[in-house]
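Got a new model open and wondering where to start? Let's walk through it with a few quick questions.

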Amino acid sequence: MKQFIQAISGKKALYVVMALAVIATVLEIVTSIRNGTNTDWQGMAVYWVAIAGWAACLAEKKKS
């Protein structure tokens, strides 16, 4: 179980999640343009802040 937790919280997993977040962000913007609605910037910011926190934790872990 410990290896599984390390695998899903490592640097490679962060890169995969960031790639998926970029795709989701682009799709959200394109969809809002096509539908003529407002883009949910606050919703997108929530997961980008979470990713930034994850990256900060990895950086702190690397330092120690």
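Q: How are α2 and α3 oriented relative to each other?
A: This is a predicted model, where local features need pLDDT of at least 70, side-chain atom pairs count only at pLDDT 80 or more, and totals for chains, interfaces and linings use all residues. Residues are numbered from 1 along each chain as its sequence is written, and side-chain values use heavy atoms, with hydrogens and water left out. The two helices, α2 (residues 11–35) and α3 (residues 41–63), pack at an angle of about 165°. Angles over 145 degrees count as roughly antiparallel, under 35 as roughly parallel, 65 to 115 as roughly perpendicular and the rest as oblique, so α2 and α3 are roughly antiparallel.

Q: How far apart are the axes of α2 and α3?
A: Two packed helices are described by the angle between their axes and the distance between the axes. Here, axes are lines fitted to C-alpha atoms, for helices over the stretch in contact, and angles run from 0 to 180 degrees between N-to-C directions. For α2 and α3, the axes are separated by 11 Å.

Q: Is Val22 buried, partly exposed or exposed?
A: Val22 sits in helix α2, and its C-alpha atom is 9.9 Å from that of Met44. Its relative accessibility is 44%. Buried means under 20% relative accessible area and exposed over 50%, with partly exposed in between (1.4 Å probe, protein chains only), so Val22 is partly exposed.

Q: What is the C-alpha separation of Ala59 and Lys11?
A: Ala59 belongs to helix α3 and is partly exposed at 39% relative accessibility. Along the chain, Ala59 and Lys11 are 48 residues apart, while their C-alpha atoms are separated by 9.7 Å.

Technical notes
Helices (H or I, at least four residues) and strands (E, at least two) are DSSP runs, numbered from the N terminus.
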